[in-house]
Amino acid sequence: MQSELMDFMMSAPPGISAFPNDGNLMEWTATIEGPTETPYEGLKLKLTFTFPSNYPYAPPTVLFKTPIYHPNIDFSGRICLDILKDKWSAIYNTQSVLLSLQSLLGEPNNASPLNGQAAELWDKDPAEFKRKVLARHRDLDD
Amino acid sequence: MEAFAQQPDDELAQLQELSNKWESDASGPLVSERVSSSAITTEYANADPVYQAKTATLPQKYAQYRTCRGDGHCGWRAVAFSYFETLQRMGNPHKFLEEETRLKSLRNILNDAGFQEHLYEDFAEDMFDLLRETAAANDGGASLLQTFNDPHRSMSVITYLKLLTSAWIQKHPDQFQPFLHQPVKAYCQSHIEPAICEIEHVGMDALVNVLVKPAGIAVEILYLDRTPGTEVNTYRFDPVDHNNAALPNPPTFRLLYRPGHYDILYKLEDLPSIVPPPIAHPAEQRVFLNHHQSTQALPSKLPFDTNNFEIPGLSIFSGPAVSGPGVAWAPYPTYDFSASPISPQPIAQPITQAIPQPRIEATPAYAPIAAPPPPPVSIPTEYYSTTMPLEPPVTSLPLYQPSPIDRGGPFRPSIWEYESYSMPQAPHPPLCQTAIFRNSHYNTAHFNNPDFEPEQWQPDTEYNPSDRSRKKSSHSQ
């Protein structure tokens with residue numbers, strides 16, 4: 001975990017950040033900036049990472065804290081992403097998860113939605129989709 | 001199959017669902033101690049006849065096995081553990097260094113496959129550490145077993161091997177693509193690299209090709225399934241040299257594959273720690289056949305006269321003065337022939353009492369003799385005719401005939417050597433099971449019998465007073 005933190009601090013890619021909570025290495029808070037040319041452009045999204053004791057041989061539990069409207073994310077912030085479940089590999093880390101999530105924002109997997117309405121709107125009515133995203137979004141500050 | 005066809009669809013679907021959900025027992029050690037493989041036979045005692053037949057023949061060929069926990073890593077773990085164990089069995093510390101160097105050189109294919117070095121270097125380092133530790137360990141594999149039962153360390157090694165396998169498949173797409181229904185890259189990401197994914201045949205093939213075969217180790221995979229037959233189907237991977245020719249007699253490890261699960265099997269010859277019970281060496285009794293060597297130990301009781309004891313072509317025996325070609329033998333202190341005062345007469349009578357005891361004491365005199373192979377010894381026939389009654393070996397000869405034991409001595413084998421086995425001093429190796437043991441309570445073989453039901457003691461029947469009176473009366477009759 002420590003080497004992962006070091007890696008992250010040395011070479012954090014633009015648009016994402018992460019840091020342990022109050023010195024607890026097993027609980028991290030992360031932020032993603034909404035990618036450009038997506039409905040999430042300009043939004044800041046907060047997430048929590050909880051690492052299991054057998055990390056990296058099991059995936060961290062990742063939740064969106066910021067309310068978000070997205071086909072693969074439910075209203076409690078749970079994420080449907082294969083690499084956070086059965087396709088998790090020990091060579092993934094916080095950084096690769098955040099980058100995957102960032103690309104998920106722009107390219108949802110509408111074949112297996114957690115939010116069916118969002119999946120439908122994404123294809124049929126992008127304007128309404130964008131309106132729903134902004135309506136649900138709320139900046140968290142702490 | 002016909003029986004299945006008659007079942008309603010929903011029942012079939014239910015069975016299929018059960019079958020999909022079934023997972024083998026995910027408890028127990030990650031890699032167990034070696035146990036007798038008759039346990040496998042017992043496990044299948046109530047299974048269908050094909051399994052019964054196949055598992056019944058298994059323990060005869062494969063004496064022991066190790067279980068691997070069926071937690072989704074067993075195939076990877078079985079190969080990894082066996083690889084290390086086989087390297088250790090090869091007993092060459094340089095081999096470990098060789099392997100470390102070879103694996104380090106495979107960094108190229110890892111990088112080519114797009115793995116970032118800082119992401120896999122920890123796993124690779126754990127692999128190299130374990131190679132070094134195993135090379136230094138001299139504990140019969142105890143620390144290796146311990147390491148593989150440490151979840152973190154064994155997962156680290158498994159992860160390294162998964163990455164290596166994935167990189168190997170991606171490096172040789174033409175070799176593997178025909179077996180895949182998706183591009184190699186996608187296959188590796190979904191079926192090789194995930195932290196929890198069991199090894200499939202393609203992965204096993206790649207892993208053996210990248211890890212095991214180049215190390216000069218062969219693998220046998222025994223498929224225990226319901227295909228007809230009485231023996232498990234064996235698939236063998238043989239290491240090859242630079243000219244693609246199979247290496248002769250490579251060290252081999254064996255895996256037992258039951259659909260979805262791998263365990264490790266051992267032939268008796270693979271077991272380093274179990275040495276067959278030492279067979280009593282006939283050296284001590286062998287000595288007296290060449291009695292000229294025993295002269296020092298039995299100077300006064302010799303039944304024959306060394307002065308008259310003739311060996312053609314060897315002047316050393318022709319008289320007290322050592323001369324001629326026999327000089328070369330002089331450094332051996334045993335050959336002190338000049339001190340022999342015995343007269344030629346007493347050949348027959350005294351032998352019976354004198355010989356049997358000192359023969360055994362003569363053992364040390366045999367030891368220093370190694371170099372000069374003596375010519376055929378011609379021995380007076382009277383000598384044997386008198387000793388024969390002492391040892392009646394001929395009856396027991398056939399028992400020991402087939403053992404081609406290397407006796408390590410300079411002497412040509414002689415039929416008379418077999419006599420020694422029948423002497424009471426030579427303990428019988430526990431080869432045969434006596435009827436006494438077979439029927440004793442020390443024999444636990446009956447536990448392997450699936451139909452074995454212990455007789456149950458019931459106090460009611462024993463102490464029922466009316467019953468007792470009946471028994472008494474029956475006894476008195």
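This is a predicted model: local features need pLDDT of at least 70, side-chain atom pairs count only at pLDDT 80 or more; totals for chains, interfaces and linings use all residues.
Trainee: What is the secondary structure of chain A?
Mentor: Chain A has 4 helices and 4 strands. Along the sequence the order is α-β-β-β-β-α-α-α.

Trainee: What share of the contacts in chain A comes from residues 24 or more positions apart?
Mentor: Among contacts in chain A with a separation of 6 or more, 53% are between residues 24 or more positions apart.

Trainee: Switching to the interface. How much do chain A and chain B bury between them?
Mentor: About 1100 Å², with 62% of it on carbon and sulfur atoms. Three residues, A:Y57, A:K87 and A:I91, supply 58% of the area that chain A buries against chain B, more than any other three residues.

Trainee: How many residues does each chain put into the contact?
Mentor: Chain A gives 12 residues and chain B gives 16 residues.

Trainee: Now α6 in chain B. Where does the helix run, and how far does it reach?
Mentor: Helix α6 of chain B covers residues 93-105, which is 13 residues. From first C-alpha to last it reaches 19 Å, close to the 18 Å expected at 1.5 Å a residue.

Trainee: Which of its residues are buried?
Mentor: The buried residues of α6(B) are B:K95, B:F96, B:E99, B:E100, B:R102 and B:L103. They cover an arc of only 165 degrees around the axis, so they lie on the same side of α6(B).

Trainee: What is on the face turned away from the buried side?
Mentor: That face of α6(B) carries the exposed residues B:P93, B:H94, B:L97 and B:T101.

Trainee: What covers the buried residues, then?
Mentor: The cover for α6(B) includes α5 (74-90), α7 (107-112), α8 (117-136), α10 (151-171) and α13 (201-212), all of chain B.

Trainee: Which residue caps the N-terminal end of α6(B)?
Mentor: B:N92 does, with a side-chain oxygen 3.0 Å from the backbone nitrogen of B:H94.

Trainee: Last one, B:A136. Where is that, and is it buried or exposed?
Mentor: B:A136 is in helix α8 of chain B. Its relative accessible area is 65%, and exposed means over 50%, so B:A136 counts as exposed.

Trainee: How far is B:A136 from B:F96?
Mentor: The two are 40 residues apart in sequence, and their C-alpha atoms are 9.5 Å apart in space. B:F96 is one of the buried residues of α6(B).

Key
Residues are numbered from 1 along each chain as its sequence is written. Chains are lettered from A and ligands numbered from 1 in the order in which they are written. Side-chain values use heavy atoms; hydrogens and water are left out. Helices (H or I, at least four residues) and strands (E, at least two) are DSSP runs, numbered from the N terminus. The expected span of a helix is 1.5 Å times one less than its number of residues. Buried means under 20% relative accessible area, exposed over 50%, partly exposed in between (1.4 Å probe, protein chains only). The arc is that of the directions from the helix axis to the C-beta atoms. Contact means heavy atoms within 4.5 Å. A polar contact is a pair of N or O atoms within 3.5 Å; within protein, one must be able to donate a hydrogen and the other to accept it, and residues adjacent in sequence count only if both atoms are side-chain atoms. Buried area is the accessible area (1.4 Å probe) that two parts lose on being put together, summed over both.
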